[in-house]
Amino acid sequence: MTSHSITHEDEFRAGRELSLDHRKLGMWLFLASEVMFFGGLIGTFLHYKATVPSPESAELDTVLVGINTFILVTSSLMVVLGLDSIRRGNRRGLLTYLGLTALLGAVFLGGQGYEFVSLYGHGITLTSSVFGSSFFTLTGFHGLHVLIGVAWALLTLGKALRGKYSAEDHVGVEAFGLYWHFVDIVWIVLFTIIYLI
Amino acid sequence: MKERTPLVIVHVTVALLAAGFWVAQNVNLMPAEASTRAALVDQLFRAMLGLAAVIFLLVEGLLLYSVLRFRRPRGDEGDAVPVHGNRALEIVWTVIPALIVVVIGFYSFRVLAASETREADPIVVNVNSRQFSWSFEYPAEGVTSTDLHLPLGRQARFLITSADVIHSFWVPEFRVKRDATPGQIAELLVTPSRLGTYPVRCAELCGVGHASMGLTSQVVVESPDDFQRWVEQTRALSGDPVTAFNTLGCNGCHTLAAAGAIGVVGPALDGIGQRAASTVPGQDAATYIRTSMVKPGDHVVPGFADNVMPRDFAQRLATEQLQAMVDFLMAQ
Amino acid sequence: MTSSSSPSTHVASRARQYVMVFVALAVITAIEIAMTQTSIPASLANVFFLAFSLAKATLVATFFMHLRDDSRIYTAIFLLPVVLVLAFSTLMLMSAGGH
Amino acid sequence: MTSESIAAKPVPAWRRYFGWSTDHKVIGLQYLVTSFFFFLVGGAMAGMIRTQLLAPDSTLVSAEAYNRLTTNHGSVMLFLWILPVLAGLGNYLIPLQIGARDMAFPRLNALSFWLLVPSGLLMLASFFVGAAEAGWTAYVPLSVAGPDGQTLWAISVVLLGTSSMMGSINFVTTIFTMRTAGMTFWRMPLFTWSMLATSILVLTATPVLTAGLVLIAMDRLVGTLFFSVSAGGDPILWQNLFWFYSHPAVYIMVLPAMGAISEIFPVFSRKPVFGYKMIAFSSLAISLLGLTVWAHHMFTSGMDPRLRVPYMISTMIIAVPTGVKIFSWLATIWGGKLRLDTPMLFALGFISMFLIGGITGVFLAAIPIDLHVHDTYFVVAHLHFVLFGGSVSGAYAALYYWYPKITGRRLDERLGKVHFAANFIGTNLAYLPMFLAGLLGMPRRVVNYDPRFTELNQLASLGAFLLAASVLPFLYNVIVSWVSGPKAGDNPWQAKTLEWKTTSPPPAHNFDMPPVVTEGPYDYGEAAQGSLTPSPSAAGD
C-alpha cells in the first residue's frame with residue numbers, strides 16, 4: 001500500500017520537470033484540435049465568400065455584433081479576474097467573477113439569438129443561399145461553444161461554492177478559463193472575417 | 001574481407017544499374033501510345049521504373065542477404081557487436097534519395113509542361129457527362145455525338161463538365177484523365193498521334209452505372225479527311241431519333257436494340273411500344289412514355305432505383321423534339 | 001506556482017495587467033467598428049482589420065491564457081494548428097481564384 | 001485519477017473485459033479484440049468483392065450492392081480495424097514502455113473505446129437503411145444524394161474520429177507527463193515515439209474531416225447548400241477537407257506499425273537499433289510533411305495549376321524520411337544474430353512489401369503519371385501494399401511479439417510461420433496484378449470490367465482467398481495458445497524495453513516499484529547490466 005501511494009504522488013514527475021500539468025496539457029491539445037475544426041469551417045466560409053457573391057451580407061448589423069464582441073471580451077476579463085482572485089485565496093471574488101462570466105456569456109447568446117431572428121426575418125436562412133449556410137453554420141457552432149462554456153462556468157461556480165478551489169489548487173478554473181478565452185479568440189477571428197472584411 | 005569491400009560495392013552498383021537500365025529499356029506495362037502526351041509519359045514512366053528496379057533490388061537484396069548471412073548460430077544466446085549508427089552512411093542514404101527525388105520532380109515538371117503546351121488551331125470538343133454516358137459536342141462543326149472522333153495530329157482542346165455528379169474522362173491510350181465536375185469546366189489538351197479505336201472510361205465513382213459508363217462510346221482517331229466525312233454524315237443524321245436517343249444519354253442506362261444501346265441501370269426499352277399501353281391503368285401508351293420521360297418519378301418500374309433518371313427533359317427538349325422521341329419509342 | 005501555505009500575502013495581483021489588456025482589446029474593437037462607418041477603401045481597411053484581429057487574438061492568448069509565463073510547449077501546441085489553418089485557408093482562397 | 005486501477009483486483013477477471021474498465025491494459029485488449037472482429041467483417045466484404053470480380057460480367061451482386069460493399073469495406077478496414085488495432089497497441093504498451101501505471105486520463109481512455117463500439121455498429125447497421133455507396137472518399141455531390149445510410153456513415157465516422165482524437169490527447173499527455181525517472185525523450189522506445197508523431201497528426205488532421213462531414217450531414221439533414229452546385233456550392237471544397245485528413249491518415253495508420261517493427265528488429269538481431277534518433281526524427285518529419293501534401297489526390301480534379309508542382313515536390317520529399325527508416329532497419333539487422341521467429345518474419349515482410357507501396361507512391365506523386373493511373377487499380381494496389389503489406393503486417397508482427405506480454409503464454413511457432421507464408425504470398429498475389437490492370441486501363445470501383453483483365457482479376461481474387469484462409473491458423477493459434485500454450489516467462493525475447501521488466505501479464509499497477517531508467521532502450525551487446533533498479537525514494541519509504 002505504501003509503495004502505491006508513493007507512486008501515486010510520483011506519477012506526473014516528468015510533467016513537473018517540463019513544468020507541465022497534465023490537465024492543462026490535455027486542455028491545450030483539445031484546443032489545438034478545436035483550432036483545426038474551426039479552421040475547416042472558416043476555410044469553407046472564406047472560400048464561398050470569395051467565389052459566390054453574397055449581397056445578403058449587407059444585412060449584417062456590424063454595430064450590434066460589435067457590442068456583442070465587446071461583451072464577450074469583457075467576459076474573458078471576468079474569467080482572468082476570477083482566476084486572479086482564487087490565486088490569492090479570495091473565494092468570494094472567484095464566485096462573483098464566475099457568475100459575471102456566465103451572465104455575460106448568456107447575454108452574448110441572447111444578442112446572437114436576436115441577430116439570427118432578425119436575419120431570418122430578412123429571408124436569410126440556413127437554406128437560403130451558400131452564404132446563409134456557411135454563415136449560420138460557422139456562427140452557430142461558435143454559439144454552441146459559448147453555450148457549453150456557460151454551462152461549464154456554472155459547473156465551475158457550483159464546485160467553487162462547495163469550496164473545491166483554493167490558492168493552491170485551481171487548475172479546474174484555469175482549464176475552464178483556457179476554453180473560454182479560446183472561444184473568445186475564435187469570435188475575434190469570426191468577427192473580422194464575417195463582419196469587417 | 002575488409003580490402004574486398006570497396007570492390008564488392010562497385011560490382012553490386014554496376015550490376016544494379018545495369019538491371020535498372022535493362023528494365024527501363026525492355027519492360028513495357030502500358031497500353032498503346034495514341035497521343036503525343038502518351039509518348040512523353042511513357043518515357044518518364046520507364047525511367048522511373050528503371051530507378052524503382054534499382055532501389056527495389058537493392059533493398060530486397062540486402063534484406064535477403066542479411067536473412068541468409070546473419071543467422072544466429074544454434075545455441076548462441078549472446079548479443080551481436082553493437083553499432084549505434086554511422087554518420088557518413090546516414091548522410092548518404094538521406095542525400096541520395098533526396099537527389100533522386102529532385103531529379104524525378106524536375107523531369108516530371110518538364111513532361112507536364114511539354115504535354116500541356118497549346119498548339120495552333122486546336123479542335124474544340126465539349127465533353128458533357130451525365131449519369132451514365134458521355135456526349136461530345138463540336139461547337140465549330142455543329143455536331144454532337146456519343147463517339148469521340150478526332151483528326152490525327154491536330155490538337156484537341158476538351159472542355160469537360162458534368163450535369164450531375166463528378167465523372168472522370170479517361171482515355172487510357174491517351175495517358176490522361178480529367179475530372180468532369182458539375183458547375184465547372186475543366187480544360188484538357190491532347191494531340192492524337194495514332195490511328196485507331198480506343199475505349200473511353202469513367203474513372204470516378206459516379207453511381208450504379210459507373211462500371212458501364214462509356215461502354216456505348218469510343219474514341220476514333222482518323223485521318224483529317226475521314227474526320228471531315230464523319231462530320232458531314234453526322235450533321236446529316238442530326239435529326240435522327242436514334243442519334244438523339246444516344247446523344248441525350250438514354251443509352252447510358254437503357255437497352256434498345258434499334259440504337260445499339262446496352263445499358264442495364266434502367267428498364268430495357270425494346271418492345272416498349274406494346275407494353276406502354278398496359279403499364280399504368282388509365283394512361284395510354286403515348287401518355288405513359290411522355291410522363292416517364294418528363295416526370296420519371298411518377299411510375300418507377302419495380303426493381304429499378306428512383307432518382308437516377310434525369311428530371312430535366314421537359315426543359316432540355318423542345319415540344320417537337322419530345323414528340324419525336326415519344327413517336328420513336330412507340331414504334332419500338 | 002508557489003507552494004506557500006499563506007498565498008494571499010505572497011501572490012501579487014495581476015488585475016492591473018489584465019485590465020490594461022482588456023482596455024487595449026476594447027479600444028481596438030471600438031476603432032474597428034468606427035472604421036466600418038467611414039469610407040476607407042476596402043483593400044486598405046482589410047489589411048488593418050486582419051492586423052487588428054491578429055493583435056487581439058495574440059493579446060488574449062499571451063496574457064489571458066498565460067502563454068507568456070507558461071511552458072513554451074503550450075505555445076507550440078497552440079501555434080502548430082494556427083499555422084496549418086492559415087496555410088489551409090490561404091490555399092482554399094488561392095484555389096478559389098483558379099476557377 | 002488512477003486510484004480506480006489500483007483498487008482493481010491484481011488478477012484480471014474475465015468480466016472486466018466486457019465492461020467499463022479504466023485499466024489501460026484492459027482497454028488495450030478491448031481495442032485489439034474489437035478491431036479484429038471488424039477486420040473479419042471488412043474481410044468478408046472484400047471476399048464478396050473479389051468473388052464478384054472473378055468474372056468480368058458476373059452478376060453475383062448488383063451494382064448498387066457492389067458500391068455499398070466497396071464503400072464500407074474501405075471504411076471498416078480503415079476506421080474500425082487499422083486505426084483501433086494500432087490504438088489498442090498504443091494503449092496497452094505506452095504506459096508500460098515509459099514506466100507509468102496508467103494513462104494520464106483513464107476515464108477518457110475508457111470513453112474513447114466505448115465510443116468506438118456503437119460507432120462501428122452504427123456503420124454496420126446502415127446496411128438496413130441502404131448503406132453508403134459513394135466510396136469511402138464520399139465525393140460530393142454523389143454522397144449528398146445517396147441513401148439514408150450515407151448520413152449514418154457520416155455520423156459514424158465523426159464519432160470514430162472523436163474517439164481517435166480523445167485517444168491521442170491521452171497518448172500525448174501520457175508521454176509528456178508520465179515518464180518514469182530517467183526515461184528521457186531520447187530513451188523512449190521507438191514505438192512510443194511513433195505514437196507521439198501519430199497523435200500529433202490525429203489531433204491536427206481529424207477535426208478538418210469532422211468539419212467536412214458536418215457539412216455533408218447538414219446538407220443531407222437540414223438542407224444547407226454547401227455542396228449544391230446550382231447554388232454555387234463547390235464539390236472541390238469537400239475534396240480539400242477530406243484529403244486534408246485522409247492523406248495524413250495513411251501516415252496515422254503506418255507510423256505506429258513502423259514503430260512496432262523498430263522494436264522488433266533490434267530484439268531479434270541482438271543489436272542496438274541503427275540510427276535511433278534518425279528513426280525518431282523521421283517519424284516527426286513524416287507527420288509534419290504529411291500535413292502539407294493532401295492535394296496530390298486532386299491532380300485530376302482541376303486544382304490551380306500553379307499549386308500542382310509544389311504539392312508534387314512535397315509529396316516526393318516524404319520518400320526521404322521513409323527511406324531513412326528502411327535503410328536504418330536494414331543496417332540494424334546487418335551483422336546481427338538473427339532469430340527468424342514469427343514477429344521477425346512479419347517485420348521483414350513489412351519492409352519488403354511496404355517498399356513496393358512506397359516506390360509506387362512516388363510514381364503517383366509524379367503528376368504526368370498520376371493523370372494516367374489516378375482512380376485506377378494502380379492506386380488500389382498501391383494503397384493495399386501500404387496498408388495491408390505495411391500496416392497489417394506491422395500489426396501482425398506486433399501481435400506476435402507482444403502476445404506473450406499480454407497473455408503470459410507463447411504462440412505456436414509453426415502455425416505462426418504458416419500464417420506468415422500464406423499472408424506474404426497472398427498479399428503479393430492479390431495486389432501485384434492490380435498494378436498491371438490499372439496501368440492497362442481498368443478503373444477502380446467497377447462491378448464489371450473489360451474481359452481482357454480477366455486473368456489479372458482471377459489472380460488477385462486467388463490471392464485474396466489465400467489471405468482470407470491465412471486468418472484461420474492465426475485465430476486458432478491465438479485462441480488455443482491463450483488457453484493451453486506453454487508459459488512464456490516474463491521476458492521470452494530477452495528484450496530491453498521497459499514493458500518486459502515487469503511480469504507477463506503485468507499486474508494491474510504495472511510495476512511493483514517505479515522503475516528508474518539508466519540506459520537506452522536497445523543497448524544490446526553493451527556491458528551495462530541491470531537497467532532496472534528500484535527507485536531510491538520508493539525504497540526509502
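In which order do the three strands of the open sheet in chain B stand? The order is S7-S6-S10, and the pairing is antiparallel; two strands count as paired if DSSP finds at least two bridges between them. Strand S7 (176-180) and strand S10 (201-202) of chain B each have a single partner strand and stand at the edges, so one side of each is left without a neighbour in the sheet. Helices (H or I, at least four residues) and strands (E, at least two) are DSSP runs, numbered from the N terminus.

The model is a predicted one, in which local features need pLDDT of at least 70 and side-chain atom pairs count only at pLDDT 80 or more, whereas totals for chains, interfaces and linings use all residues. Residues are numbered from 1 along each chain as its sequence is written, while chains are lettered from A and ligands numbered from 1 in the order in which they are written.

**The hairpin in chain B**

Strand S6 (residues 167-171) of chain B runs antiparallel to S7(B), and five bridges join the two. S6(B) and S7(B) form a hairpin with four residues between them, and in the turn Arg175(B) has a positive phi of about 60°.

Although S7(B) is an edge strand, five of its five residues are buried, a residue being buried if 20 or more other C-beta atoms lie within 10 Å of its own, exposed if 12 or fewer, and partly exposed in between, with C-beta atoms placed from the backbone. Val176(B), Arg178(B) and Ala180(B) are buried on one side of S7(B), and Lys177(B) and Asp179(B) are buried on the other, so that both faces are covered.

**Contacts between chains**

Among the five pairs of chains that touch, chains B and D have the most contacts, where two residues are in contact if their C-beta atoms, placed from the backbone, lie within 7 Å. On this interface, 71 residues of chain B are in contact with 71 residues of chain D. Helix H2 (36-69), helix H3 (87-115), S6, S7 and S10 of chain B each supply at least two residues of the side that touches chain D. That side of chain B divides into 44 nonpolar, 15 polar and twelve charged residues; Ala, Val, Leu, Ile, Met, Phe, Trp, Tyr, Cys and Pro count as nonpolar, Asp, Glu, Lys and Arg as charged, and the others, Gly among them, as polar. Chain A and chain B, by contrast, are joined by no contact, and their closest C-alpha atoms lie 12 Å apart.

**A helix pair in chain D**

Helix H2 (residues 24-52) of chain D and H16(D) have axes that come within 9 Å and cross at roughly 155°; the axes are lines fitted to C-alpha atoms, for helices over the stretch in contact, and angles run from 0 to 180 degrees between N-to-C directions. H2(D) and H16(D) are therefore roughly antiparallel to each other, since angles under 35 degrees count as roughly parallel, over 145 as roughly antiparallel, 65 to 115 as roughly perpendicular and the rest as oblique. In the contact, Gly43(D), Ala46(D), Gly47(D), Arg50(D) and Thr51(D) of H2(D) meet Ala460(D), Ser461(D), Ala464(D), Ala468(D) and Val471(D) of H16(D). By class, the contact of H2(D) with H16(D) has five nonpolar, four polar and one charged residues.

**Backbone exceptions**

Most residues other than glycine have a negative phi, and most peptide bonds are trans. The table gathers residues and bonds that depart from this pattern.

| Site | Feature | Value |
|---|---|---|
| Gln131(B) and Phe132(B) | cis peptide bond | omega about 5° |
| Ser504(D) to Pro505(D) | cis peptide bond | omega near -10° |
| Ser19(A) | positive phi | about 45° |
| Arg270(D) | positive phi | about 55° |

Phe132(B) has its place in the loop between strand S1 (123-130) and strand S2 (133-138) of chain B, and Pro505(D) lies in the loop between helix H16 (454-484) and strand S1 (515-516) of chain D. Ser19(A), in the loop between helix H2 (13-17) and helix H3 (22-51) of chain A, is exposed, with 12 other C-beta atoms within 10 Å. Arg270(D), found in the loop between helix H8 (235-269) and helix H9 (276-290) of chain D, counts as buried, with 21 C-beta neighbours inside 10 Å.
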